[in-house]
Amino acid sequence: MYLTLAWRNIWRNKRRSFITIGSITFAVFLACIMRSMQLGSYERMIENAARFYTGYIQVHKNGFWDDKTIDNSFEYNKSLISKIENTPGVEVAVPRVESFALAAFGTKTKGAFVLGIAPEKEDQLTRVKDKLVEGSYLSKDDKSVMIAQGLAEYLKMGIGDTIILISQGYHGANAAGIYPVKGIMKFPIPDQNNQTVYLPLKEAQWFYNLENQLTSIALVVDKANHVEIIVADISVQLDTTALEVMGWYDLMPDLVQGIEIDNISGKVMLWILYSVIGFGMFGTYLMMTAERMYEFGVMMSVGMKRILMQFIIFIEMVMMTSIGVIMGVGISLPILIYYYNNPIFISGEAATAIENFGVEAAYFFSLQPSLFYNQAWAIFIMALILSLYPLIIIQNLKPVKAMREAI
Amino acid sequence: MSVIKVENITKVYTETAVPVHALNGVSFEIQEGEFTAIVGPSGCGKTTLLNILGGLDHPTSGRVEISNIDITEMKDSDLINFRLNNIGFVFQAYNLIPVLTTLENVEFIMLLQKVDKKKRRKRSMDLLEQMGIAEKANQRPSELSGGQQQRVAVARALASKPNFILADEPTANLDSVSTSNLLDIMAVMNREEKETFIFSTHDQRVIDKARRVITLEDGRVKSDEIRE
Ligand SMILES: Nc1ncnc2c1ncn2[C@@H]1O[C@H](COP(=O)(O)OP(=O)(O)O)[C@@H](O)[C@H]1O
Ligand SMILES: [Mg+2]
């Protein structure tokens, strides 16, 4: 009956309760959407960065990270690959030769980022096949290249044209080659779109005068948040005096820092939102308590203990808050699931404007469970703190006084 | 046997700018089974006296014994429990919890006493029948007339099987028909159930129904007559 009493008390003033519950719902809904977009954009940024270039984990020679030259390469052997690929959580180990070259066609030249890839494995990491807009994808024995669309436009070249690459190879050797363009790819990130050249791994090794060497192995893992564990697992198996294993958070310190700063601003927004809602809730509790003083006086007179009255009031608040939180999550969840699976892509001029900042013109959503229960917690803790007010009032209630003053 | 023994109690309200001497040495005893009216004009100290008898307020000096237990020194938290098991209350108005039905309101007090569900259902229904409002069992207080509400309040007061029932001007908000109805029912419960009633009033028709009348004036007992 105590629960019935609490439940009915909530609906004494339907309109007020609806407004209170509605405002909690709205706050939770808004907070979930905001956080989902924010975390979604981080996840996407990490994924983009990981999948464009670094992988979630990278194995490279000690020193390569600070001095990314072709000289800091290491030997690519079967036992190394199998050690890495057999570590739980690792899905694919993608071997790479990465360096720079001057790309030329006709009268135009441009600095290019040259990536020697194992075509099939590379596709598993970067899904680069999907980026192909013209021509066809490399196979491992090709002696041709794929280039990014921006670069192709700049050099004014198309499929079948021959690109000239000039660079410096291993230990200062000369590196020069001419390659027909087999495919053209379009990347969403402008930097990438303006300077990428793909070569088959063997051809890149030949070009840079490497024997059987790599500059890095990038890893695809099953879950981004397992990275820390996998890094530790691989590190114990390798000779870490020669090789270094890095997780995405070490590979992209700028990104991590940017995310942290942005995340703080997001949290400040949330706290502002919650404070506004908190004041509303407090107002409701204030009125709920004030208009029931006489009733509290009667209940205490006839023998109801304070703690029991406090319990009922507390339950009322928990119920209201729960309804609000559940509705907020309940409404936002299907929307977020939908947009998680169907991110919003912006097109037209707006997209160009956004892309000029070097970011993708799209909104991505996260479904991290923490995003939902963090909102629930925040609201609950706030409700808890606010409920102290009526609880204290009841703690100090004198029945005679309460009844006398209420009339 | 005396249910209540009041010895020379005084009450001074000091929270006001000028201290108010509401009671100035009141003494009497109430025996089991009495049907007593505390009467006097507004402001003579009836409510103050009943609050002290009911353990809702402490006297400034003097002693109150209920069933030979001194309640004057009792802690507030102990008094809540004492009231629950020993005293029934009927106030002037708004006695009932608005969100509970009539039946639930009567049951509520037994719920606090931890009486089991079946027993309290039955006793509540019986009491409502005795009060002649059984057909309102599932209605909310707001759907009842003032007189009916007061009868539910009496039923609730009886439900806990208290030593006595205190009713502070229970008819103040009622018309004459409801007033005499309520008094008749209280008289019946007094006669048949041997329940002790103490009620305050300044209504002559109510005074006429009492078997003992204690008259207050300026916080003192002016007269105390037993009519039988
Ligand atoms: N809490 C209080 N604070 C100050 N004065 C009070 C308080 N309660 C009652 N009084 C005063 O005490 C006197 C007796 O009041 P009360 O017992 O309510 O009389 P009655 O119930 O007979 O009308 C009145 O003068 C009243 O104003
Ligand atoms: Mg009074």
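A polar contact is a pair of N or O atoms within 3.5 Å; within protein, one must be able to donate a hydrogen and the other to accept it, and residues adjacent in sequence count only if both atoms are side-chain atoms.

## Basis of the model

This is a predicted model, in which local features need pLDDT of at least 70 and side-chain atom pairs count only at pLDDT 80 or more, while totals for chains, interfaces and linings use all residues. Residues are numbered from 1 along each chain as its sequence is written, chains are lettered from A and ligands numbered from 1 in the order in which they are written, and side-chain values use heavy atoms, with hydrogens and water left out.

## Ligand 1 and its contacts

Ligand 1 lies between chains A and B. It is surrounded by 14 residues, the closest being Arg404(A), Gly43(B), Lys46(B), Thr47(B) and Thr48(B); a residue is near a molecule if one of its heavy atoms lies within 4 Å of it.

The side chain of Arg404(A) has an N or O atom 2.9 Å from a nitrogen atom of ligand 1. On chain B, backbone N or O atoms approach oxygen atoms of the ligand: the distance is 3.3 Å for Cys44(B) and 3.1 Å for Gly45(B). Taken alone, ligand 1 exposes 550 Å², and the protein buries 76% of that (Shrake-Rupley method, 1.4 Å probe).

## Composition of the shell

The shell around ligand 1 divides into 5 nonpolar, 6 polar and 3 charged residues. Here Ala, Val, Leu, Ile, Met, Phe, Trp, Tyr, Cys and Pro count as nonpolar, Asp, Glu, Lys and Arg as charged, and the others, Gly among them, as polar.

Strand 2 (20–31) and helix 1 (46–53) of chain B each supply at least two residues of this shell. Helix 1 of chain B gives the most, with 3 residues. Helices (H or I, at least four residues) and strands (E, at least two) are DSSP runs, numbered from the N terminus.

## Helix packing in chain A

In chain A, the axes of helix 12 (residues 306–341) and helix 14 (residues 369–395) come within 9 Å and cross at roughly 160°. Axes are lines fitted to C-alpha atoms, for helices over the stretch in contact, and angles run from 0 to 180 degrees between N-to-C directions. Helix 12 and helix 14 of chain A are therefore roughly antiparallel (over 145 degrees). The residues of their contact comprise 18 nonpolar, 6 polar and 1 charged.

Helix 1 (residues 2–10) of chain A also has its axis within 9 Å of that of helix 12 of chain A, with a crossing of roughly 55°.

Key:
Parallel < 35°, antiparallel > 145°, perpendicular 65-115°, else oblique.
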